[in-house]
Amino acid sequence: MTTEESHDFYQEQRGLGPGSAITPTASDVSQGYTTQAGNPSPLPKLFQPLKIRELTLKNRTVVSPMCMYSSQDGFATDFHMVHYGQYALHGLGLIIVEATGVSPEGRITSNCLGIWKDEHIEKLRQVVNFAHVNKSAIGIQLAHSGRKGSSRPVWHIQEYGRYADEAAGGWPQRVFGPSPVPFDEDSWTPQEMSLEDIHRVQQNFVDAAVRADKAGFDVIEIHSAHGYLVHEFLSPISNKRTDDYGGSFKNRIRFIVEIVQAIREVWPQEKPLFVRISVTDWVQQSEEIPTGGWTEEESIELAKLLSDVGVDLIDCSSSGSSPKQEIPLGPGYQVRFSTSIKNEVPGIFTGAVGLITDPVQANNILEESKADLVFLARTLLRQPSFVLDAAVKLNVFAQYLHQYERGRNKTKYSFT
């Protein structure tokens, strides 16, 4: 094989790779790919790079972590390579791999991804390498399901119910939480975690962070949202403890703060650390829940403390602690949370997520300084080409993968 034949052709991509804004050439214009002499100046913020620590993202779009329930014994499969790979091919700035269990019982279902043993690293590294060779950054969400563990994949719920017993591959006797309070009347009652359990799980997060670094991930996101274990410690709905990990705000945040501090010790300083939180539980105040659960005001105070111990970005989601939640769904319904934290916690980055479905909407969130990144979820399941489509809508000439260049929309028909 000649040197030319063996050359890494991915490195010949213009700009920062697929999904990055580039200057069109005369050939691009003559072939009808664009009529522009150049891109808007300044670029729409959706296509402006962002540097966090030593990581530069080529644009401001993020694949939000979404459970895929397609793993075997925690191992990534061919599905994960294809699923995450498609987003690298289509130019997403940052891909965050789904909630990944830091222990076997930390998974939501038996089909969820895991990172509790060294053997998981190699398959994850293959996914990472594919993202990198196509010039997308990639992170992983480290998670523990807590009292919501031993569940079933979403497509099995209607037929078999939400929760999995031993016969269905579940682990109802090993479901843990800060307190023995079930999520609802049908769910497992968790075992109250002892101090030994707490420290063991915290170490599970640290060990998982080490494995994530060995796999080559650029970013870690700690899952502290949606009613899973770390969020369970934050919310008085699920945390009824009377020791150092329950009661006061200071005690309820202790679990996540200690996890962050320990991970920051082993996670390279040049790599960003994100935390996803549910900014509010969306529960009304009542005699049973006087505070209404975890609140936006508490989230702002938590974000200040997390910033002090090395967190770079707060991914601002909501809900998940109670079936009594009342969520005012609508386009961008959670954006105000990223805005409030961004405004109240100087120096920290924020991510907006939730019913962000349109390129103009996404760009306006950034232009109006309501967030620094937009996290896209179900929109990307429908439209993995969101970034390239957004470029057309925002009049940006964006780089395509060389192999996909012929699929670029033309303004005229030409064979030149």
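**Backbone exceptions, overall form and a helix pair**

In this predicted model, W282 is buried (under 20% relative accessible area, where over 50% is exposed and values in between are partly exposed, for a 1.4 Å probe and protein chains only), with a relative accessible area of 12%. Although W282 is not a glycine, its phi is positive, at about 55 degrees, and the residue is found in the loop between β9 (273-278) and α10; helices (H or I, at least four residues) and strands (E, at least two) are DSSP runs, numbered from the N terminus. S319, which is not a glycine either, has a positive phi of about 75 degrees and lies in the loop between β10 (313-317) and α11. S319 is buried, with a relative accessible area of 10%. A further backbone feature is the cis peptide bond from S41 to P42, with omega near 0 degrees, and P42 has its place in the loop between α2 (26-30) and β1 (50-52).

Residues are numbered from 1 along each chain as its sequence is written. Local features need pLDDT of at least 70 and side-chain atom pairs count only at pLDDT 80 or more, whereas totals for chains, interfaces and linings use all residues, and side-chain values use heavy atoms, with hydrogens and water left out.

The secondary structure of the protein comes to 14 helices and 12 strands. The radius of gyration, taken over C-alpha atoms, is 22 Å, close to the 22 Å given for 416 residues by the globule rule (2.2 Å times the number of residues to the power 0.38), so the protein is as compact as a globular protein of that length. Along its principal axes the C-alpha trace spans about 75 × 50 × 45 Å, and 58% of the 416 residues count as buried.

Two packed helices are described by the angle between their axes and the distance between the axes. The axes of helix α10 (residues 296-308) and helix α11 (residues 335-344), which are lines fitted to C-alpha atoms over the stretch in contact, come within 10 Å and cross at roughly 45 degrees. That angle makes α10 oblique to α11, since angles under 35 degrees count as roughly parallel, over 145 as roughly antiparallel, 65 to 115 as roughly perpendicular and the rest as oblique. The contact (heavy atoms within 4.5 Å) is made by E296, S299, I300, A303 and K304 of α10 together with R336, F337, S340, I341 and E344 of α11.

Key. Axes are lines fitted to C-alpha atoms, for helices over the stretch in contact, and angles run from 0 to 180 degrees between N-to-C directions.
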